[in-house]
Amino acid sequence: LGDRNTTMDPIKVGFVGTGTIVCHTVKGLLRPNLEGKPLQVTVSPRSKDKAAELKALFPDQVSVAEDNQSVLDASSVVCLGVTPQMAEGVLSELKFREDHVVVSFLSTAKIPDITRMCAPAKVILRAIPMPPIEMGLGPLVTHPPNEAFDSIFSRTGKIIAVDKEEECAAMMSTSALMATYYEWEGVAHKFLVRQGVPSKAATTYVCSLFLALATKGQYEEDGFDKIVSESQTPGGINEQVLRNLKGEGWFESVGKQLDTVLARVLGKPKQ
């Protein structure tokens, strides 16, 4: 893509909704010293504090629109960051163009629903940005694959483009483990503090430990059974904890929760 060059015409990206995940995404897109065409970002004014924060951080690249329609008018790529509950009401009032590329962050809205709400726009995508996108880290799942999307968002992390919307929904469901993961880290941190370890040292240790485990795990190519086996020795402490958690049904419960989330993402009625 080459180095960023201010003489190049910028790609105009707009965000309808300026919530937390949109803020993370904009910060990831506009991190300094990135390669690729420059971006001009327009955000909606709904969350005034967050919009003002982005404008203050990137005064030359971020504009705060007067309203959501102004976001669309200023943009060639439109990202939808409103909540699924608000989407119908917000989008029904907007006039999309046929040449808009629409990227939906809505967790429970399928492509046909988004296409209807954003007519006559022809290119409709789904994406699952996560908070680490702000640092250029983590996966960014998108459906369907699209080169224009890649040219913009490849600077924010590892793009995983999937052909089937069901695959996108399944990956979105696993993102529901984020808070549980941090709670897991919190349990380890609180344990260390109870044992007299200073809080800052405990935080550093826990974060470093989990980062190292995740880094090693990324080299697995076909699931995690092998690394699970290699991480425990007969009669060892890892075997003890894993055996006891399995005995308490902990992992089975996590699997059931993922099934429940997937049903919600797919819009299936509650059983």
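Guide: Let us begin with a term for the cysteines: a disulfide is a pair of cysteine sulfur atoms within 2.5 Å. By this rule the count here is 0 disulfides. Cys23 takes part in none, since the nearest cysteine sulfur, that of Cys79, is 13 Å away. For Cys79 in turn, the closest cysteine sulfur belongs to Cys118, and at 11 Å it is too far for a bond.

Before going on, please keep in mind that this is a predicted model, in which local features need pLDDT of at least 70 and side-chain atom pairs count only at pLDDT 80 or more, while totals for chains, interfaces and linings use all residues. Residues are numbered from 1 along each chain as its sequence is written, and side-chain values use heavy atoms, with hydrogens and water left out.

The protein chain holds 12 helices and 8 strands, where helices (H or I, at least four residues) and strands (E, at least two) are DSSP runs numbered from the N terminus. Along the principal axes, its C-alpha atoms fill a box of roughly 65 × 45 × 35 Å. Of the 271 residues, 34% are buried; buried means under 20% relative accessible area, exposed means over 50%, and partly exposed lies in between, using a 1.4 Å probe and protein chains only.

Now to the sheet itself. It is an open sheet of 8 strands in the order S3-S2-S1-S4-S5-S6-S7-S8, with mixed pairing; two strands pair if DSSP finds at least two bridges between them. At its edges are S3 (62-64) and S8, each of which pairs on one side only. Neighbouring strands are turned by 25° against each other on average, direction ignored; axes are lines fitted to C-alpha atoms, for helices over the stretch in contact, and angles run from 0 to 180 degrees between N-to-C directions.

Helix H1 packs on this sheet, touching S1, S2 (39-43) and S3, and its direction makes about 165° with that of S1; contact means heavy atoms within 4.5 Å. H1 (residues 20-29) also has a helix beside it, H2 (residues 48-57), and the two axes come within 10 Å and cross at roughly 10°. That makes H1 roughly parallel to H2, given that angles under 35 degrees count as roughly parallel, over 145 as roughly antiparallel, 65 to 115 as roughly perpendicular and the rest as oblique. On the H1 side the contact is made by Thr20, Cys23, Val26 and Lys27, and on the H2 side by Lys50, Glu53, Leu54 and Leu57.

Within strand S1 (residues 11-16) we find Phe15, a buried residue with a relative accessible area of 0%. Leaving aside neighbours within four places in sequence, Phe15 is in contact with residues including Val22, Thr25, Val26 and Leu29, as well as Val41, Val43, Cys79 and Phe105. Cys79 is likewise a buried residue, and its relative accessible area is 0%.

Strand S4 (residues 77-80) runs parallel to S5 (residues 101-104), and 4 bridges join them. Leu80 is found in S4, and its bridge partner in S5 is Ser104. At 0% relative accessibility, Leu80 counts as buried. Not counting residues up to four places away in sequence, Leu80 touches Val16, Leu91, Phe96 and Cys118, among others. Ile114 is another residue that Leu80 touches, and although the two are 34 residues apart along the chain, their C-alpha atoms are separated by 9.7 Å.

S7, helix H6 (residues 147-153) and S8 make a right-handed β-α-β unit; a crossover is right-handed if, with the strands pointing away from the viewer, the path from the first strand over the helix to the second runs clockwise. In the loop between S7 and H6 sits Pro144, and the peptide bond from His143 to Pro144 is cis, with omega near -10°. Another cis peptide bond runs from Ala119 to Pro120, with omega near 10°, and Pro120 is found in the loop between H5 (111-117) and S6 (123-128).
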